[in-house]
Amino acid sequence: MKTTGQNRLIYLLLVALLVVNFSFVYADSAAAQPLEQGSHNYGTANRFETGFDHLNVHINYPQTDYDNLNVAISGWIRSTIEQYKTAGNGAGALFIDYDANLVAEKYISVKLFARYQDETGRVSDSQVNFNLYRDSSKMLSINDLFNDDQLVDLKARLAYASGIEARYFETNSLDCWQLTDRAFELDLLADDYSPLIKEDFHFTLPYGNLFDLAAITERLNQHPSTWLATSDIVNLKSDKKIALTFDDGPGPYTERLLDILQKHGARATFFVVGKRVGGRQETVARMPKQYCEVANHTWSHPALTKISNARVESELKATSDAILAATGSGAAMSRAPYGALNGRVKALTYQLGYYFISWSIDPKDWLTKNADKTYNHVINRVSDGQIILLHDIHKQSVDAAERLIPKLIEQGYELVTVSELLGQGGVVPQGGKVYNKR
Ligand code: ZN
């Protein structure tokens with residue numbers, strides 16, 4: 001794919017077009033403010049300056065090894081210059097800079113951004129993104145990444161995060177996306193969505209939270225030549241994973257917690273109390289829709305060690321049935337109230353198929369009811385593979401989660417469900433057994 005000669009030709013064509021069509025009279029635009037420097041991590045960096053009657057042009061752009069990408073880049077630069085060369089009556093300035101990244105050795109993601117400043121100092125920004133899959137030299141559209149169902153899901157997440165209703169997301173205005181080392185990122189430009197948003201909105205979806213892996217794998221098999229290989233996704237996903245678990249709900253703060261999880265593309269596991277499910281069925285139904293896991297915390301929260309075998313069975317079975325009614329699937333994954341288990345209960349649940357999840361970090365949020373203490377306890381102890389115990393029936397615990405979730409993501413953790421955490425450790429859960437971390 002080395003086509004340096006052709007690249008040079010395209011570059012010369014770009015220069016020639018500017019020279020032939022316009023005279024080199026530099027406008028005086030003293031007040032012009034340059035763009036921030038882009039990240040030039042891929043391609044050959046080129047700088048290009050020229051002037052027209054009313055416009056000074058300052059361009060940084062990348063030369064790549066791919067003709068189609070180079071043509072797209074130079075085409076956008078040309079049309080952007082065309083757009084502004086007649087704008088305004090006095091001196092204006094146009095700056096173009098770029099981010100270019102090579103991701104997983106397979107993708108080239110180029111973002112070009114332009115800033116035009118007119119004689120009054122008024123600024124107008126524009127942007128374009130190009131993504132290329134190196135194996136096929138093919139340019140990718142968002143439809144190469146997501147199937148129709150996934151696009152609906154993506155739009156729902158965008159709608160929540162941006163406050164723009166999902167119906168406004170036409171496919172053609174979701175084209176400012178790029179792949180970075182850790183995430184799928186998308187910009188909603190204020191110009192495209194005016195007056196719904198006043199500033200560009202930047203959306204980040206970490207690869208680890210990019211829908212469920214099974215659906216993506218299916219997509220890979222349909223489009224093996226254009227999409228990431230499964231191994232690439234696995235490599236791009238963070239290798240630090242933890243499971244946040246929330247007990248004793250659903251309660252009045254559970255929806256707010258789900259909003260927070262959704263906003264950050266994070267997942268959690270909810271150990272629900274069966275008798276509370278009926279009153280908040282829609283809340284429980286929402287959990288798996290955003291890839292959270294619903295698990296069993298008994299019907300009425302008794303210490304299993306203190307009740308009969310028949311009642312242990314009915315406590316677990318009735319809760320699994322309530323979860324089944326709300327979500328469409330029951331829950332063998334359980335947590336014993338108070339962590340109370342003994343040989344008798346383990347032997348019984350071995351036969352029944354229920355297994356138990358304990359925890360490895362317990363901030364005692366239900367006792368302190370103090371968001372700062374809960375936050376600090378977790379942040380000071382967290383490490384890869386931990387299961388963290390929290391309770392979504394307390395406002396202070398949800399307050400703590402609101403700060404913990406973005407902080408943990410910032411620290412490089414992927415927030416996964418308990419099943420994902422166990423599965424990644426190669427654990428196949430068995431009835432009557434207890435698991436407390438990966
Ligand atoms: Zn509990």
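Let's start with a pair of helices: the axes of α8 (residues 254-263) and α15 (residues 395-410) come within 10 Å and cross at roughly 0°. Here axes are lines fitted to C-alpha atoms, for helices over the stretch in contact, and angles run from 0 to 180 degrees between N-to-C directions. Helices (H or I, at least four residues) and strands (E, at least two) are DSSP runs, numbered from the N terminus. This is a predicted model, in which local features need pLDDT of at least 70 and side-chain atom pairs count only at pLDDT 80 or more, while totals for chains, interfaces and linings use all residues. Residues are numbered from 1 along each chain as its sequence is written.

**The whole protein**

- The protein has 16 helices and 17 strands.
- Of its 438 residues, 39% count as buried; a residue is buried if 20 or more other C-beta atoms lie within 10 Å of its own, exposed if 12 or fewer, and partly exposed in between, with C-beta atoms placed from the backbone.
- Among contacts between residues at least 6 apart in sequence, 70% join residues at least 24 apart; a contact means that the C-beta atoms, placed from the backbone, lie within 7 Å.

**Two helix pairs**

- Two packed helices are described by the angle between their axes and the distance between the axes.
- α8 and α15 are therefore roughly parallel to each other; angles under 35 degrees count as roughly parallel, over 145 as roughly antiparallel, 65 to 115 as roughly perpendicular and the rest as oblique.
- On the α8 side, R256, L257, I260 and L261 meet V398, A401, E402 and I405 of α15.
- By class, this contact of α8 with α15 has six nonpolar, no polar and two charged residues; Ala, Val, Leu, Ile, Met, Phe, Trp, Tyr, Cys and Pro count as nonpolar, Asp, Glu, Lys and Arg as charged, and the others, Gly among them, as polar.
- The axes of α10 (residues 281-289) and α11 (residues 309-327) come within 8 Å and cross at roughly 75°, which makes α10 roughly perpendicular to α11.
- Q281, V284, A285, M287 and P288 of α10 make that contact with I323, A326 and T327 of α11.
- The residues of the contact between α10 and α11 divide into six nonpolar, two polar and no charged.

**The cores**

- The largest nonpolar core has 57 residues, and those with the most contacts inside it are F270, I388, I405 and L415; such a core is a set of buried Ala, Val, Leu, Ile, Met, Phe, Trp, Tyr and Cys residues joined through C-beta atoms within 7 Å.
- Helix α15 gives the most to this core, with seven residues.
- Leaving aside residues up to four places away in sequence, F270 touches F246, G249, M287, C292, V294 and A295.
- A second, separate core of 40 residues includes L94, I108, L140 and F169.

**A six-stranded sheet**

- Six strands form an open sheet in the order β1-β2-β3-β4-β5-β6, with mixed pairing; two strands pair if DSSP finds at least two bridges between them.
- At the edges are β1 (44-51) and β6 (138-139), each of which pairs on one side only.
- Strands β2 (residues 55-63) and β3 (residues 92-103) run parallel and are joined by five bridges.
- Helix α2 (residues 67-85) packs on the sheet, touching β2, β3, β4 (107-117), β5 (123-133) and β6, and its direction makes about 170° with that of β2.
- V57 has L94 in β3 as its bridge partner, while L55 stands opposite G92 in β3.
- β3 and β4 pair in the antiparallel sense over 11 bridges, and Y98 has L112 in β4 as its bridge partner.
- Three residues lie between the strands in the hairpin of β3 and β4, where A104 takes a positive phi near 55°.
- Nine of the 12 residues of β3 are buried, so β3 is largely enclosed by the rest of the structure.

**Loops to look at**

- The peptide bond from S194 to P195 is cis, with omega near 0°, and P195 is in the loop between α5 (190-193) and β9 (201-206).
- The peptide bond from G249 to P250 is also cis, with omega near 0°, and P250 is in the loop between β10 (240-247) and α8.
- Y291, in the loop between α10 and β12 (293-296), has a positive phi near 65°.
- T298, in the loop between β12 and α11, has a positive phi near 70°.
- Y291 counts as partly exposed because it has 19 C-beta neighbours inside 10 Å, whereas T298 counts as buried with 25.

Notes
Contact = placed C-beta atoms within 7 Å.
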